[in-house]
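Please open the model in your viewer and keep the selection panel at hand. The stops below can be followed in order.

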Amino acid sequence: MALLPNSTTDPDGSAVIRVLSYNIRSMRDDTAALARVISACDPDLVLIQEAPRFFRWRKKLARLARAANLVILTGGATAAGPAILCNLRATVERTEDVLLPLTPGRHRRGFATAVVRFAGARVGVLSCHLSLHKDERYEQGGMLLDRLAGLGVEHAIAGGDLNEGPVGRTFQSLATDLTDCWATAPWGAEHTWIRDEPHRRIDAIFATKGIEVLGCGVPVDHPGVAEADLRAATDHLPVLAALRIPAN
């Protein structure tokens, strides 16, 4: 398997960045394996789903970030689970955690969002974990698109656990307005849920149309990413993308 491009800054101010999307199941599994997977992927941004939300949640998330040589950008309990980590290459312009409307009897959902700069490239970022219920999920997909548009940036990235595959109505709606990074430049493996049959791609990274996708997929056989760690870290597999963000 060919390697993804490394993070870099081009002379014109554009930036190649690595983005990882990962459902970490509230860090209830092997957190050392989780940190090794994240660190081996060498991401500039990590879009987390199911970050710790309860007792000492900030300390738990900070411990994971530190073990993976990252820092907390935003999110966690304040976004009902989604969070964003970053490395020190990112210059943070602003952050906002958004709680979505609550349907009684269901889990609260939210978005972790930020606007960051990498050299001359300015980009909006959103981490999400959409509903298990299809109608609510579709409404949340619309809110996701509205939220990206409301960030006020030309270029943006969204990633997360969509709880449905590419044939689903919500997934297709997002892929109509945004670029489905795996479908555009498949790399690595496709399926992010392999705990039971059928295996599915229910986690994804999307980008606005001006962003060039250099490769995207599950980082199997990536240097430093052991299959045993992928299976021990959490019940989802991560999605890693290399993206070129134009200079603003």
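Begin by selecting K60, which is partly exposed in this predicted model, with a relative accessible area of 33%. The residue lies in helix α2, which spans residues 57-67. Now extend the selection to R56, K59, R63 and R66, which together with K60 form a positive surface patch.

Within that patch, stay on R56, whose place is in the loop between β3 (45-49) and α2. R56 is exposed, having a relative accessible area of 52%, and its backbone shows a positive phi of about 55° although the residue is not a glycine.

Next, select N69, which sits in the loop between α2 and β4 (71-75). This residue, again not a glycine, has a positive phi of about 60°, and with 62% relative accessibility N69 counts as exposed.

Then move to P198, found in the loop between α5 (181-184) and β11 (203-207), and display the bond to E197: the two are joined by a cis peptide bond, with omega at about -5°.

Finish at M1, in the segment before β1 (8-9), which counts as partly exposed at 48% relative accessibility.

Technical notes: Residues numbered from 1 in each chain as written. Predicted model: local features only at pLDDT ≥ 70, side-chain atom pairs only at ≥ 80, totals over all residues. Heavy atoms only, no water. Patch = residues over 30% accessible without salt bridge, like charges linked within 9 Å, V, L, I, M, F, W, Y side chains within 5 Å. Areas by Shrake-Rupley, 256 points an atom, 1.4 Å probe, with all protein chains shown as cover. Salt bridge = Lys/Arg side-chain N within 4 Å of Asp/Glu carboxyl O. Lys, Arg positive; Asp, Glu negative; His and termini not counted. Charge placed at Lys NZ, Arg CZ, Asp CG, Glu CD. Helix = DSSP H or I, 4+ residues; strand = E, 2+ residues; numbered from the N terminus. Buried < 20%, exposed > 50% of the residue type's maximum accessible area, 1.4 Å probe, protein only.
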